[in-house]
Amino acid sequence: MALEMDRDRDCILCGKCLEACPLFKATGREELSPRGKSFLIQEALEERNLGNPAAARKLLGLCLGCGRCADVCPQGRNLPETLRRIKAGHPGWQAWVWRAWINNAKHVWPWLGGCAKLLPGRSTAGSLPSVVHALASRPQMEMFRRSAGDGFLPSPAVLFPGCMARYAKPWWIQAAGRIMGSAGQGLEDFPDWNCCGFTLGQAGLSGLRSDACVKNVELWRNLGRPLLLTICATCTTALRNYEKKADLFSDEDERRTWAKAVQPLSRYLNPHDFRPLTDACLTYHRPCHAPNPDPDEAFLRDLFGPRFIAGAQGACCGMGGVMRLSAPELSTQVATQCWDALQPQALGHVVSGCSGCVLQLSATAPPKTDVSHWLELMRM
Ligand code: SF4
Ligand code: SF4
């Protein structure tokens with residue numbers, strides 16, 4: 001259906017998606033651009049000779065899913081959504097591995113974190129050992145202490161920590177708990193949330209994504225439909241997108257309640273409630289999937305004042321979910337472009353509010369550069 005939708009919206013060759021695509025910018029390869037991939041899809045739809053079908057299939061899988069092409073297209077074409085549907089109909093080995101990676105996160109991620117001690121300390125940026133190190137790393141970047149502000153959250157409020165905090169970086173949950181203070185519920189006893197579903201969908205695992213959505217809404221309903229606080233930009237976007245699936249909810253009223261319930265924790269924070277512990281600067285990397293406006297960015301900008309440095313405009317970290325597995329070298333190439341775009345003075349302390357960005361930037365950071373989630377700035 002999406003294929004037909006894109007077909008109706010003819011490409012007018014304006015080139016805006018090329019300017020926006022981080023994969024095209026990093027490689028200069030036209031066939032990896034949104035327009036190049038759209039052309040391949042068009043060929044397939046019209047059943048023309050695709051030349052080498054295996055190569056065509058591989059090319060269609062080379063997309064970071066950042067959505068920047070869809071954001072700028074005047075014709076409303078949405079290539080990542082089209083690719084997601086094609087992948088759902090033709091799952092490959094990458095989707096199988098990604099399913100195992102997400103479904104077994106509870107066991108595999110902590111085990112991998114333990115393996116980091118056995119790997120060499122210095123690894124090539126973007127290599128598998130560097131990703132394993134990034135999964136286990138806990139940078140010492142405490143810059144603030146919360147000094148006031150209990151009772152700032154509407155109640156009831158429950159944390160949706162996301163897979164990374166639950167299975168690899170539980171100290172993010174502890175930090176969120178300290179910040180939420182007495183207003184927060186469900187920190188030790190939050191329910192057994194499923195994956196938000198974003199990367200499952202991107203890998204073409206539509207059935208698993210639907211199951212995760214249904215279970216998360218059920219858990220939320222059983223808790224009495226509380227405020228659902230998120231600490232990962234991609235989780236926020238994925239959970240908010242549930243609203244578009246009317247069949248997930250018992251009625252229209254519940255759907256509207258959900259739409260209001262999913263909120264980033266940073267939206268409720270008052271910078272005046274935090275006391276600085278250092279005068280260091282900080283560079284913020286804005287995730288592709290951050291809501292617009294981005295509440296994490298707004299909070300950190302106010303918190304740091306003149307010491308806040310905005311990261312490279314429109315830069316994608318190159319994580320790309322399942323693409324990290326299928327084309328790690330391209331993923332690293334996009335990350336290198338992201339780092340190259342930063343001013344030298346912006347290196348040092350880099351933070352983000354997306355689990356995937358934190359992992360990818362940690363695994364590809366230049367020497368003497370710390371990368372963390374903004375929650376890690378808060379002394380516990
Ligand atoms: S979703 Fe991102 S990486 Fe994929 S084609 Fe669009 S701009 Fe490029
Ligand atoms: S932005 Fe849209 S209309 Fe413009 S070249 Fe890209 S796909 Fe075509």
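**A parallel sheet and a ligand shell**

Visitor: Which residue in β4 stands opposite L229?
Guide: This is a predicted model in which local features need pLDDT of at least 70 and side-chain atom pairs count only at pLDDT 80 or more, while totals for chains, interfaces and linings use all residues. Side-chain values use heavy atoms, leaving out hydrogens and water; residues are numbered from 1 along each chain as its sequence is written, and chains are lettered from A and ligands numbered from 1 in the order in which they are written. Strands (E, at least two residues) and helices (H or I, at least four) are DSSP runs numbered from the N terminus. In β4, the residue opposite L229 is Q263.

Visitor: How many bridges join β3 and β4?
Guide: Two strands pair if DSSP finds at least two bridges between them. For β3 (residues 227-230) and β4, which pair in the parallel sense, the number of bridges is three.

Visitor: Which strands stand at the edges of the sheet?
Guide: The open sheet has three strands in the order β2-β3-β4, with parallel pairing. Two of them have a single partner strand each, so one side of each is left without a neighbour in the sheet; these are β2 (157-160) and β4 (262-264).

Visitor: Which elements give two or more residues to the shell around ligand 1?
Guide: A residue is near a molecule if one of its heavy atoms lies within 4 Å of it, and the residues around ligand 1 include C21, P34, K37, C63 and L79. Two or more residues of this shell come from each of α4 (34-45) and α7 (79-89).
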